[in-house]
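Dear colleague,

Please find the structure below, handed over for your attention. My findings on its pockets and core follow.

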Amino acid sequence: MRLSLVEPAIRVAVDVTFLRMEQPPATPAPALPADAHVAVATKCTVPFYRYLYNTVGQDYVWWLRRTASDAEIANVMADPSVSIHVLYRDGAPAGFYELERRAGGQTNIAYFGLLPHAVGCGMGAAFLRHAIDQGWSGHTRLLTVNTCTADHPRALPNYRAAGFIETRRVREVWPVPARLGLKVPERLLAG
């Protein structure tokens, strides 16, 4: 007889909104502050990726990559269709985004966010536009992103303001492992 061990989990209920952009923006891109720039992490290490992912996502229940092994993260970083772009301000990381270039000309903004110290500093729109412009570089025919009700409350309005169109919304219940110690807002707890 095999025993099945079930890891204790917190049930988190979110509404996930899927968005798409079918052509690049026609308006000029807003500029990042003079002391900020974005660099591609061409040899992104697992610890640096975990730092970015965990720090950006700590208040928004980003959990999936926290449960991945170092080998799984290394495989993502080694995939030529994935690129990690890091926002620096005054030489320190301030945010990141991850692009996934898929077959058929679709590019997905898999992760996007600012580190907590950079939220509310007026860089979000310019940084999102940088992600959009990089997403459209190459042979992209469709740019996608998704967000959910666990994300920052300005995420969905910012994606819409940038030109993304909502395509669908689904309710998901996530089994977030309790061992991760993430703070889950009470409004997201599933019964």
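By class, 7 nonpolar, 3 polar and 1 charged residues form the lining of the second largest pocket (Ala, Val, Leu, Ile, Met, Phe, Trp, Tyr, Cys and Pro count as nonpolar, Asp, Glu, Lys and Arg as charged, and the others, Gly among them, as polar). A pocket is an open set of points on a 1 Å grid over the protein atoms alone, where a 1.4 Å probe fits, with protein on both sides within 12 Å along at least five of seven lines; lining residues have an atom within 4 Å of a point. The model is predicted: local features need pLDDT of at least 70 and side-chain atom pairs pLDDT 80 or more, while totals for chains, interfaces and linings use all residues. Residues are numbered from 1 along each chain as its sequence is written, and side-chain values use heavy atoms, without hydrogens and water.

The second largest pocket has a volume of about 160 Å³, the space filled by probe spheres set on grid points joined across faces, edges and corners. Its lining includes Pro25, Arg129 and Gly163, and α3 gives the largest share, 4 residues. Helices (H or I, at least four residues) and strands (E, at least two) are DSSP runs, numbered from the N terminus.

The largest pocket holds about 890 Å³. Among its 39 lining residues, Trp62, Phe112, Thr147, Asp151 and Tyr159 are the closest to its centre. β5 contributes the most to this lining, with 7 residues. The lining comprises 24 nonpolar, 9 polar and 6 charged residues.

Yours sincerely
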